[in-house]
Amino acid sequence: MTAETSQTLDRGLRVLKLLADTDHGLTVTELSSKLGVNRTVVYRLLATLEQHSLVRRDLGGRARVGLGVLRLGRQVHPLVREAALPALRALAEDVGATAHLTLVDGNEALAVAVVEPTWTDYHVAYRTGFRHPLDKGAAGRAILAGRRPDRDLEDGYVLTRGELEAGACGAAAPLLGVSGIEGSVGVVMLSESVPQKVGPRVVQAAREVADFLR
């Protein structure tokens with residue numbers, strides 16, 4: 001901690017990060033141990049965060065992330081979209097296909113940014129806000145594979161054909177190494193198969209977006 005930073009705010013943010021990393025919540029005692037502070041400090045931190053709906057405590061006393069975090073999260077998509085647009089534009093122009101950034105939203109994949117190529121006679125219409133199951137389409141499958149990259153991503157990308165639209169195929173690569181964000185970068189095209197050069201180019205674009213977001 002430096003003289004310019006707030007110790008209390010730092011501890012409050014650490015509480016939120018610890019709670020975000022667990023599915024079952026944490027007790028005051030567990031938080032006290034992880035933060036290295038006494039229980040009284042943890043009680044004060046939780047009470048303040050509860051006032052802003054950023055933390056909630058269940059009947060058993062376990063603290064969890066509160067619904068107030070969702071209000072903050074709604075502002076994340078525009079920021080992520082702006083960061084991704086340069087890489088998506090370059091990808092769309094290079095391969096002549098519609099490029100997209102897709103993020104996890106609950107149990108679905110949500111397209112938050114889409115860029116269409118400017119020089120092709122035709123391309124797949126793929127709109128921002130389009131949703132689909134995570135286990136269908138290259139974008140969703142790439143996100144799932146990104147959870148186990150050593151096992152499911154031998155080439156770094158996923159290919160699919162006709163899973164979301166007849167006659168369309170896609171390639172996507174997950175965003176890796178970005179804390180707090182699960183997503184993928186990909187392209188969708190009207191073709192019998194994805195050209196060999198497209199997969200590695202999609203991986204490159206995903207890395208560029210990930211670098212912007214780190």
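User: Is Phe 130 buried, partly exposed or exposed, and what is its relative accessible area?

Analyst: Buried means under 20% relative accessible area, exposed over 50%, and partly exposed in between, with a 1.4 Å probe and protein chains only. Phe 130 is partly exposed, at a relative accessible area of 33%. This is a predicted model, in which local features need pLDDT of at least 70 and side-chain atom pairs count only at pLDDT 80 or more, while totals for chains, interfaces and linings use all residues. Residues are numbered from 1 along each chain as its sequence is written, and side-chain values use heavy atoms, with hydrogens and water left out.

User: How many aromatic pairs are there?

Analyst: Rings of Phe, Tyr and Trp (its six-membered ring) pair if their centres lie within 6.5 Å; planes under 30 degrees apart count as stacked, over 60 as edge-to-face and the rest as tilted. The count here is 1 aromatic pair. The ring centres of Tyr 126 and Phe 130 are 5.3 Å apart and their planes stand at 65°, so the pair is edge-to-face. Tyr 126 is buried, with a relative accessible area of 8%.

User: How is the packing of helix α1 and helix α2 described?

Analyst: Two packed helices are described by the angle between their axes and the distance between the axes. Axes are lines fitted to C-alpha atoms, for helices over the stretch in contact, and angles run from 0 to 180 degrees between N-to-C directions. Helices (H or I, at least four residues) and strands (E, at least two) are DSSP runs, numbered from the N terminus. Helix α1 (residues 7-20) packs on helix α2 (residues 28-35) at about 120°, with the axes 11 Å apart.

User: Which residues of α1 and α2 meet?

Analyst: With contact taken as heavy atoms within 4.5 Å, Arg 11, Arg 14, Val 15, Leu 18 and Leu 19 of α1 meet Leu 31, Lys 34 and Leu 35 of α2.

User: Which strands are joined to β7 by bridges?

Analyst: Two strands pair if DSSP finds at least two bridges between them. Strand β6 (residues 158-161) is joined to β7 by 4 bridges, and the two run antiparallel. Strand β8 (residues 183-190) is also antiparallel to β7, through 7 bridges. Gly 170 of β7 stands opposite Thr 160 and has Val 188 as its bridge partner in β8.

User: How many residues of β7 are buried?

Analyst: In β7 (residues 168-174), 7 of its 7 residues are buried.
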